[in-house]
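Student: I have a chain open on my screen and want to go through it with you. Can we take it piece by piece?
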Amino acid sequence: MSSALPLTEVLVVADCWQTEPDAEAVIHRAIEAAAEFADADVGEAALAIMLTDDSGIRTLNNNWRGIDKATNVLSFPALQPPAGAPSDAPRMLGDIAIAYETMRREADEEHKPFDHHLSHLAVHGFLHLIGFDHENDDEAEEMEALETQILAHLGIPDPYADRAGTH
């Protein structure tokens, strides 16, 4: 396990998040756990997590993915500097956006505590930033297994237990 943690900035850009005063602490704890378990060089790298609403994430989803609907989480891995570039610039992992209304609705529908679902989405987004994906069954299995391990470390039950391997 890695001991170097990324520098994580949480930006609250939608007022609806004001009802969740612990959201920033929950996210920091989830990202730290993910960084400890993931086999990636993330120490001293930076990432930003934007807590937005459905309207904001819908705009991002439409602009970047051509999908005109809200979603729960989006990840935007940073472009890495070319070989030989000056090393004094901060190393960026990328950005994660999490939508309040979609996330809240999913947590309620799945009877999950809000902070558990928020932790899961933060971990999921972070894993995307470091190269994990779920475009095929093998990738999805690997990513879900790591998510489950990280969340178990945080005392959060397996979010995929009721879905029989669907993602």
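Student: Among contacts in the chain with a separation of 6 or more, what share comes from residues 24 or more positions apart?
Tutor: Residues 24 or more positions apart account for 68% of those contacts. Keep in mind that this is a predicted model.

Student: How many helices and strands does the chain have?
Tutor: There are 5 helices and 4 strands. In sequence order the pattern is β-α-β-α-β-β-α-α-α.

Student: And how much of the chain counts as buried?
Tutor: Of its 167 residues, 44% count as buried. The chain exposes about 9100 Å², and carbon and sulfur atoms supply 49% of that area.

Student: Which residues have the most contacts inside the largest nonpolar core?
Tutor: Trp17, Ile98, Leu118, Phe126 and Leu127. That core has 40 residues. The elements giving it two or more residues are α1, β2, β4 (92-99), α3, α4 and α5.

Student: Which element gives the most to this core?
Tutor: α1 does, with 9 residues.

Student: Which residues of α1 are buried, then?
Tutor: Ala23, Val26, Ile27, Ala30, Ile31, Ala33, Ala34, Ala35 and Phe37 are buried in α1. Their cover includes β1, β2 (46-52), α4 and α5 (137-153).

Student: What span should α1 have, and what is the distance between its end C-alpha atoms?
Tutor: α1 has 15 residues, so at 1.5 Å a residue it should span 21 Å. The end C-alpha atoms are 21 Å apart, which agrees.

Student: Back to Trp17. What is it in contact with, leaving aside neighbours within four places in sequence?
Tutor: Trp17 is in contact with Val12, Ala23, Leu51, Thr52, Ile98, Ala99, Tyr100, Met103, Phe114 and Leu118.

Student: Change of topic. How many aromatic pairs does a search of the whole structure find?
Tutor: The search finds 4. One of them is Trp17 with Tyr100, an edge-to-face pair at 5.2 Å centre to centre, with 75 degrees between the planes.

Student: Where do the two members of that pair sit?
Tutor: Trp17 is in the loop between β1 (7-12) and α1 (23-37), and Tyr100 is in helix α3 (residues 100-109). They are 83 residues apart, so the pair links distant parts of the chain.

Student: Are Trp17 and Tyr100 buried or exposed?
Tutor: Both are buried. Another pair is Trp64 with Phe76, also edge-to-face, at 5.9 Å centre to centre and 65 degrees between the planes. Trp64 is in helix α2 (residues 54-65) and Phe76 in strand β3 (residues 73-77), 12 residues apart.

Student: Is Trp64 buried or exposed?
Tutor: Trp64 counts as exposed because its relative accessibility is 62%, and the cut-off for exposed is over 50%.

Student: Which residues form the aromatic cluster with Trp17?
Tutor: Tyr100 and Phe114 form one cluster with Trp17.

Student: Now charges. How many salt bridges does the search find?
Tutor: It finds 5 salt bridges in the whole structure. Glu20 forms one with Arg104, with the closest N and O atoms 2.5 Å apart. Glu20 is in the loop between β1 and α1, and Arg104 is in helix α3, 84 residues apart.

Student: Is Glu20 buried or exposed?
Tutor: Glu20 counts as buried, at 17% relative accessibility. Arg104 is partly exposed, with a relative accessible area of 24%.

Student: What else does Arg104 form a salt bridge with?
Tutor: Asp108, with the closest N and O atoms 3.5 Å apart. Arg104 and Asp108 are 4 residues apart in helix α3, so about one helical turn separates them. Glu20, Arg104 and Asp108 are linked in a network of salt bridges.

Student: Which residue has a positive phi although it is not a glycine?
Tutor: His111, with a phi of about 55 degrees. Most residues other than glycine have a negative phi.

Student: Where does His111 lie?
Tutor: His111 is in the loop between α3 and α4 (114-129). With a relative accessible area of 72%, His111 is exposed.

Methods
Residues are numbered from 1 along each chain as its sequence is written. This is a predicted model: local features need pLDDT of at least 70, side-chain atom pairs count only at pLDDT 80 or more; totals for chains, interfaces and linings use all residues. Side-chain values use heavy atoms; hydrogens and water are left out. Rings of Phe, Tyr and Trp (its six-membered ring) pair if their centres lie within 6.5 Å; planes under 30 degrees apart count as stacked, over 60 as edge-to-face and the rest as tilted. Buried means under 20% relative accessible area, exposed over 50%, partly exposed in between (1.4 Å probe, protein chains only). A salt bridge is a side-chain nitrogen of Lys or Arg within 4 Å of a carboxyl oxygen of Asp or Glu. The expected span of a helix is 1.5 Å times one less than its number of residues. Contact means heavy atoms within 4.5 Å. A nonpolar core is a set of buried Ala, Val, Leu, Ile, Met, Phe, Trp, Tyr and Cys residues joined through side-chain atoms within 4.5 Å. Accessible areas come from the Shrake-Rupley method with a 1.4 Å probe; for residues, only the protein chains shown count as cover.
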